[in-house]
Amino acid sequence: MSITQILFWILSIMAILGALMVVVSKSPVYSVLWLIMVFFAISGHYILLNAQFLAIVNLIVYAGAIMVLFLFVIMLMNLNADTEPQKNKWLKIAGVIAGGALLLVFVGALKNADLKSQIAEVNHGDIGLIHNLGLALFNDYVIPFEISSVLFLSAMVGAVVIGKKE
Amino acid sequence: MVHPLLNVDLALIIEKCILISIIIGLSLIVAMYETWAERKVAAVIQDRRGPNRAGPAGILQPLADGLKLFMKEDIVPKMSNGFLFILGPGLAMLTAMMTSAVIPWSSHINAFGREISLQIADINIGILYIFGVVSMGVYGVMIGGWASNNKFSLMAALRGASQIISYELAMGLSIIALLMLTGSLSLKTIVDEQLDGIYNFLYQPLGFLIFLVCAFAECNRTPFDLSEAESELNFGYHQEYSSMKLGFYLFAEYVNMFISSAVMATLFFGGFDIPFVNDTAFGQAHGQNLLAILEGLSLAIKVAIFIFFFIWVRWTVPRFRYDQLMRLGWKGLIPLALVNMVVTGFIVLLKVNHWHF
């Protein structure tokens, strides 16, 4: 096994363990912290694929900003294991069925995918480097890029409008 | 046959390990003497003597402070969250230390038949790495504040975190204008561009000003130390902490100050460039090693000036009110940074077009 493979396995185990702990943990604060660990593991995978820009943006945006807002809400609501109301049993069963159905869809989609011909470019791909990514975004995909930025802008304006309502 | 796992440059690993230990040790020593400098400068500003008992001019005072913090009883509150209570100060210290990895402390030295670069990692996303680590620093404050199980700590932690997030935006926007000029995210490349040319400060004075204000806010320094406003929040997010856990939080602030001074010097003031000297010619005339040492000293002097500025402002300017802080961040600095970005972009485009519309 090369170092890349060892790192891949460590990161994968970290990601899956973290994702399981997000669901299993009793305290919502711990769930958020485990989710942050999942983001770190995924960023590690991006680095293995030589996509450093994607890795660091994943950390800045998700682990650094969005998860902080999650923590804000959870800490202010002061959810403890004993004060949290027990959910309806039927709701839990429905959740399990919905999640299982999603898993089935994923497995079904992966089963038919042609995995052999699409091996990830570990360690030597250069599409994830910031230079190439920037060129691709602003040359080939400039219109979708601009449209999505307009979408973000409208979301921002919407947030301001909702926030202004007395 | 050599096992593929061992197929790495062992000398490189040893070299990097030594460099990392030196830089971590250096940041700790600098942080220690920042506390001493802070008390001395405060004393001068307030017309006092400052620490003068431990050693000549109180030079051993930081050691005495450290010893005091280590010797104190370490109290963990009964209703606190045990693991997170310890994780908080640890994270604060870890993130403060990690930022130093991408700062070029000097050019390379030649020793043991190798060219040793005095930068831990020259990655092509250098600045973004710093932003990533800084945004992780929020967790040290938030986890510590929440795990204390104290309402004042929690409120202070939320204040601190929302302040850091708000000012990170303006900081990022002010950097974008700079990146348009340099065309690279690597700090080494940014310094190399300034070696022969003009410092970025002269191209981006407004960007530097915004970055400076945001750096103050990110370090939780006065006038932005809202999370430690003792008149409103008792002691802040580290109220329940004692002994060296408290020391870690206080220390992390000083390490952050050191690193952000180094980042500002690197981005806007030429990094390790020696002012008014042609570095390459000097290196050829007097040898690369001497040049590297002098360049390191040059960066150290720039950093020291910034640290002095941090301290000077702290003992001169009173604290903001919280709504003033938020108004400055969102309604003052972010629009200003956006204008700076648009103007810079316009000029860069014009330059590419050879000054024709």
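B:D47 is exposed, with 6 other C-beta atoms within 10 Å; a residue is called exposed if 12 or fewer other C-beta atoms, placed from the backbone, lie within 10 Å of its own, buried if 20 or more do, and partly exposed in between. The place of B:D47 is the loop between α1 (10–45) and α2 (61–71) of chain B, helices being DSSP runs of H or I with at least four residues and strands runs of E with at least two, numbered from the N terminus. This is a predicted model, in which local features need pLDDT of at least 70 and side-chain atom pairs count only at pLDDT 80 or more, while totals for chains, interfaces and linings use all residues. Residues are numbered from 1 along each chain as its sequence is written, and chains are lettered from A and ligands numbered from 1 in the order in which they are written.

**Backbone and loops**

- Phi of B:D47 is near 60 degrees, a positive value in a residue other than glycine.
- A:N50 also has a positive phi, near 65 degrees, and is a residue other than glycine.
- A:N50 lies in the loop between α2 (28–48) and α3 (52–77) of chain A and is partly exposed, with 17 other C-beta atoms within 10 Å.
- Most residues other than glycine have a negative phi.

**Chain A**

- Chain A has six helices and zero strands, and buried residues make up 13% of its 166 residues.
- Contacts are counted where C-beta atoms, placed from the backbone, lie within 7 Å; of those in chain A with a separation of 6 or more, 63% join residues 24 or more positions apart.
- Chain A is divided into domain 1 (3–128) and domain 2 (129–166), with bounds from an automatic or database domain assignment.
- Six residues of domain 1 of chain A are in contact with four residues of domain 2 of chain A.

**Contact between the chains**

- The contact takes 19 residues from chain B and 17 residues from chain A.
- On the side of chain B that touches chain A, α4(B) gives the most, with nine residues.
- By class, this side of chain B has 16 nonpolar, three polar and no charged residues; Ala, Val, Leu, Ile, Met, Phe, Trp, Tyr, Cys and Pro count as nonpolar, Asp, Glu, Lys and Arg as charged, and the others, Gly among them, as polar.

- α4(B) and α5(B) pack at an angle of about 170 degrees, with their axes 8 Å apart; axes are lines fitted to C-alpha atoms, for helices over the stretch in contact, and angles run from 0 to 180 degrees between N-to-C directions.
- α4(B) and α5(B) are therefore roughly antiparallel to each other, the term for angles over 145 degrees.
- The residues of the contact of α4(B) with α5(B) divide into 14 nonpolar, six polar and one charged.
- The largest nonpolar core has 103 residues, of which B:M142, B:A157, B:C214, B:V255 and B:F258 touch the most other members; such a core is a set of buried Ala, Val, Leu, Ile, Met, Phe, Trp, Tyr and Cys residues joined through C-beta atoms within 7 Å.
- α4(B) gives the most to this core, with 15 residues.

**B:R221**

- B:R221 lies in the loop between α8 (205–218) and α9 (230–233) of chain B and is buried, with 21 other C-beta atoms within 10 Å.
- Leaving aside neighbours within four places in sequence, B:R221 is in contact with B:F216, B:M257, B:F310 and B:R314.
- B:R221 and B:R319 are 98 residues apart in sequence and 9.4 Å apart in space, C-alpha to C-alpha.

Definitions and conventions: Contact = placed C-beta atoms within 7 Å. Parallel < 35°, antiparallel > 145°, perpendicular 65-115°, else oblique.
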